[in-house]
Each structure stands twice: as C-alpha cells, then as structure tokens.
Amino acid sequence: MEHVSTTTLIITLVIMILVSAYFSGSETGMMTLNRYKLRHQAKNGDRAARRVEKLLRRPDRLISLVLIGNNLVNILASALGTIVGMRLYGDAGVAIATGILTFLVLVFAEILPKTIAALYPEKVAFPSSVLLGPLQIIMMPLVWLLNTITRMLMRLVGMKSDGAISAALSKDELRTIVYESRSLMSRRNQDMLLSVLNLEKVNVDDIMVPRNEIVGININDDWKSIVRQLTHSPHGRIVLYRDSLDNTMSMLRVREAYRLMTEKKEFTKEVMLRAADEIYYVPERTPLSVQLVKFQRNKKKVGLVIDEYGDIKGLVTIEDILEEIVGDFTTSMSPTLAEEVVPQNDGSVLIEGSANIRELNKAFNWALPEEEARTVNGMILEALQDIPLANTTVQIGHYAVEILDVQDNMIKQVRIIPQTSLKESVGS
C-alpha cells in the first residue's frame with residue numbers, strides 16, 4: 001500500500017463513501033416502497049417494478065446482500081482513512097481520520113442517502129435494482145451462508161424465520177387506508193367503502209323492521225278488506241298470515257297480485273295464496289356481510305328474522321342492507337333520522353323514541369349503548385327495567401336522558417343531553 005499515492009487513496013476513499021451511500025439508499029428505498037402500488041406497476045408491465053418486486057420476494061436475501069456490501073465498503077473505507085491520516089498527520093492522524101471519516105460516513109453515506117430514499121423511494125429503488133440483481137447472483141453463496149446462520153440463531157431463541165413478506169392487509173389496516181385516502185376520493189365514496197367494511201360488524205337485528213311494524217295481511221279477513229289492503233299497500237311484498245304473525249303462511253309480491261287482478265277474471269283468495277312465495281327465514285344476529293351473500297345465492301330479497309325459538313322478531317330486506325352502504329333511499333317509507341331528531345341551541349337533542357340508536361351514534365358521534373336495544377325507547381326500557389313516567393330523567397352512560405312524552409306504554413319523545421353540554425351549562 002506504500003507505493004500507492006495519497007491522492008489515489010483519497011479518491012478511492014471518496015468512491016467507497018459513494019458506494020456505501022448507494023447501499024444505504026438502496027436498502028431504505030426498497031423497504032419504504034408502497035408494495036401495493038409496486039404490484040400494480042409490475043402487473044401493468046413496468047420492467048423496473050418487476051425487478052424490484054422480484055428482489056423483495058426474499059427480503060432476507062436482499063437485506064443480507066446490502067449489509068454485506070455496506071459493511072465491506074465501510075471497513076475498507078476505515079482502513080484507507082487510517083492510512084491517509086497517518087501519512088498526513090503521523091500517529092495523531094488515526095484519531096483525526098476516525099473523527100472525519102465518522103462524520104463523512106454518517107452524513108454522506110447514511111443520513112443523506114437514506115433521507116432522500118425515504119422521500120423518493122421509487123426514484124432510488126428502481127435504478128438501484130439494475131445493480132442489485134446481478135450482485136445478488138454473484139454474492140449468493142455468502143448470502144446463503146449468512147442467512148443460514150441467522151435462521152439457526154433465530155430458531156435457538158424460538159423465533160420463526162419466514163423469508164417472505166405477507167402482502168395481506170388486515171381489515172383494520174384496510175379501514176385505515178380508506179379513511180386516510182380523503183384526497184383521492186369523495187367523502188361519499190369513502191363512507192360507502194367504510195360501510196362495506198363494517199357490514200360484518202352489523203347484524204340483521206340492527207337494521208330489521210321490528211315485528212310490531214311488519215305490514216301483513218290476515219287471510220281470515222274479509223276478502224274486500226284484503227283487496228283494499230293490497231291496492232293501498234306502499235310495500236312491494238306483504239306477509240300473509242292466519243290470525244297472528246306467529247302463524248305466517250307465505251310472502252306475496254304485490255306486483256304479482258296486481259297482474260293477477262288484471263289478467264284473471266276471478267281473482268280469489270285461493271288464487272292469491274297460490275301466487276304467494278314461500279317465506280325465507282333469517283336467523284337473528286346474522287352479519288349483514290353474510291346475509292347479503294345469502295340473499296344473492298338464494299335469489300331472495302326479503303326475509304323474516306327469527307330467534308332461536310323460531311319466533312318472528314322482524315323483517316329484513318336486501319334494500320335495508322344496501323342502505324347501510326349507500327344511505328337511505330328516497331323511496332323509503334320509514335321516517336329518516338332528520339325527521340326524528342331536532343337539535344337544540346343548548347346542545348341537547350329532541351329525539352323520537354323510535355329513532356335508531358346506531359344512526360344516532362353515527363350522526364352525532366355518540367356512544368349510546370346499542371347491544372341490547374335498537375331504538376331509544378328500547379334502550380331506556382332496558383336501562384330502567386320499567387316503563388317510566390313523563391318528565392323523568394335517567395343517566396345512561398355519559399348522557400342525561402329526559403323523558404318528555406310516554407303514550408301507550410311507549411316512550412314517544414326524549415331530550416338527550418351529552419355530558420359535555422351539561423358541563424358547559426354549569427360553567428356558564
């Protein structure tokens with residue numbers, strides 16, 4: 001090494017620092033790439049993306065290659081720096097070279113290239129893959145040896161060594177991605193995607209029409225009364241039962257009944273019963289994601305929700321599930337949440353007893369309990385285990401609920417005051 005000039009050593013040292021910067025930047029760029037965007041680019045025929053994706057299939061090999069190259073270069077640079085320092089400053093040059101070289105490596109071979117690679121991973125990773133691919137083939141024996149030793153050490157401490165990175169996203173991660181993509185899609189589309197992901201968290205019990213609101217026809221009624229109910233029905237399907245909903249018989253499509261009325265000279269009760277469809281039953285607590293698929297497979301649009309004893313709890317339609325995704329349809333006959341709530345200036349909200357708790361929580365970002373009941377009336381009855389009198393106030397969680405109107409054993413209207421509003425009132 002003595003016959004090599006100091007200038008040549010300094011130039012070689014600079015080259016070593018640049019090579020170290022290349023390996024450092026390549027590692028950060030490769031590891032910070034968006035894997036899903038990379039896969040999309042590779043599928044669309046981007047050659048650079050395909051090279052990078054191939055390298056990232058075995059990240060353990062890639063990391064080993066980068067670390068081998070980086071450490072070899074840094075060790076060589078350290079040796080060259082020591083020689084240059086001793087030539088220029090004698091024995092004191094060792095300390096001087098160590099200090100200067102440490103600064104140069106940290107700034108120009110570590111911090112700067114890694115920062116650039118983290119900000120522009122594609123611009124760094126794609127070009128660097130041109131060299132990393134062949135280098136990986138050349139260094140394969142050494143890479144394999146180091147990886148084998150590493151896996152053995154990991155097994156000794158009880159850790160599994162799986163070289164492949166899982167590309168699967170958890171549902172919570174997918175929700176976070178959708179939530180953070182505000183700049184890429186409209187708020188409405190974002191809400192729809194989040195609603196689709198939340199379908200498995202919502203059961204048919206949460207959206208069904210309760211039993212007492214099911215529109216049906218008692219086939220034991222007078223025939224003129226039955227025809228009148230058919231012609232004035234706002235619904236597309238009607239449950240046919242005998243004396244009570246506990247004795248349901250079939251589900252009649254109102255459009256089919258209209259067709260029979262116009263085509264047949266004799267539209268009788270027997271003709272109507274023959275035209276009706278068999279009732280489709282839905283077990284309670286079925287997730288909406290599951291029920292949507294079942295509706296599709298069974299080619300059904302409506303079903304009666306039953307409990308474990310076979311008793312009817314309510315009615316659910318495919319439109320109800322779709323409304324969970326896209327919002328209420330304008331053709332819905334049920335009152336909307338806007339018609340059931342009246343926000344007040346003091347922060348309280350006047351609410352009808354029939355209002356859905358889930359919709360209230362979503363609209364006002366509340367946390368009213370919705371596990372045991374689906375309406376405000378049911379929530380209060382569940383909390384009190386009794387039918388309250390008007391002008392009674394009950395505390396449910398962080399909410400003061402003032403009962404304003406009670407009729408026919410049902411709570412018709414309440415005033416809900418969140419705890420924050422109470423504190424503000426006291427403070428003022």
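Partly exposed, a label used throughout these legends, is the range between buried (under 20% relative accessible area) and exposed (over 50%). All the close-ups come from a predicted model.

**View 1. Arg151 and Asp60 pair up across the chain.** Arg151 has a relative accessibility of 22%, so this residue counts as partly exposed. Its side chain meets that of Asp60 in a salt bridge, with 3.8 Å from N to O. The two partners come from distant parts of the chain: Arg151 sits in helix H7 and Asp60 in helix H4, 91 residues apart. A search of the whole structure turns up 14 salt bridges.

View 2. Take Leu142, which is found in helix H7 (residues 140-156): at 37% relative accessibility, Leu142 is partly exposed.

View 3. Zoom in on Phe126 and, leaving out residues up to four places away in sequence, you'll find it touching Leu33, Leu38, Gln41, Asp46, Ala48, Ala49, Arg51, Val52 and Pro121.

View 4. In H12 (residues 254-263), Val254, Glu256, Ala257 and Leu260 are buried. Looking down the helix axis, these residues fall within an arc of 155°, so they line one face. Their cover includes helix H11 (223-231), strand E3 (237-242), strand E4 (244-253) and helix H13 (269-275). On the face turned away from the buried side, you'll see the exposed residues Arg255, Thr262 and Glu263.

View 5. Lys313 is in strand E7 (residues 312-317) and Glu284 is in the loop between strand E5 (281-283) and helix H14 (288-298), so the pair ties together parts 29 residues apart in sequence. Lys313 is partly exposed, at 29% relative accessible area, whereas Glu284 is buried, at 13%. The network links Asp205, Glu284, Arg285 and Lys313.

**View 6. Helix H18 is covered by strands and a helix.** The buried residues in H18 (residues 376-384) are Val376, Asn377, Met379 and Ile380. Down the axis they fall within an arc of 165°, so they line one face of the helix. Among the elements covering them are strand E9 (349-352), helix H17 (357-364), strand E10 (392-396), strand E11 (399-407) and strand E12 (410-418). Just after H18, Gln385 takes a positive phi of about 55°.

**View 7. Thr392 sits in strand E10.** Thr392 is partly exposed, with 27% relative accessible area. Setting aside neighbours within four places in sequence, Thr392 is in contact with Val401, Glu402 and Ile403. From Thr392 to Asp405 is 13 residues in sequence, and 9.6 Å in space, C-alpha to C-alpha.

Terms used: Residues are numbered from 1 along each chain as its sequence is written. This is a predicted model: local features need pLDDT of at least 70, side-chain atom pairs count only at pLDDT 80 or more; totals for chains, interfaces and linings use all residues. Side-chain values use heavy atoms; hydrogens and water are left out. Buried means under 20% relative accessible area, exposed over 50%, partly exposed in between (1.4 Å probe, protein chains only). Helices (H or I, at least four residues) and strands (E, at least two) are DSSP runs, numbered from the N terminus. The arc is that of the directions from the helix axis to the C-beta atoms. Contact means heavy atoms within 4.5 Å. A salt bridge is a side-chain nitrogen of Lys or Arg within 4 Å of a carboxyl oxygen of Asp or Glu.
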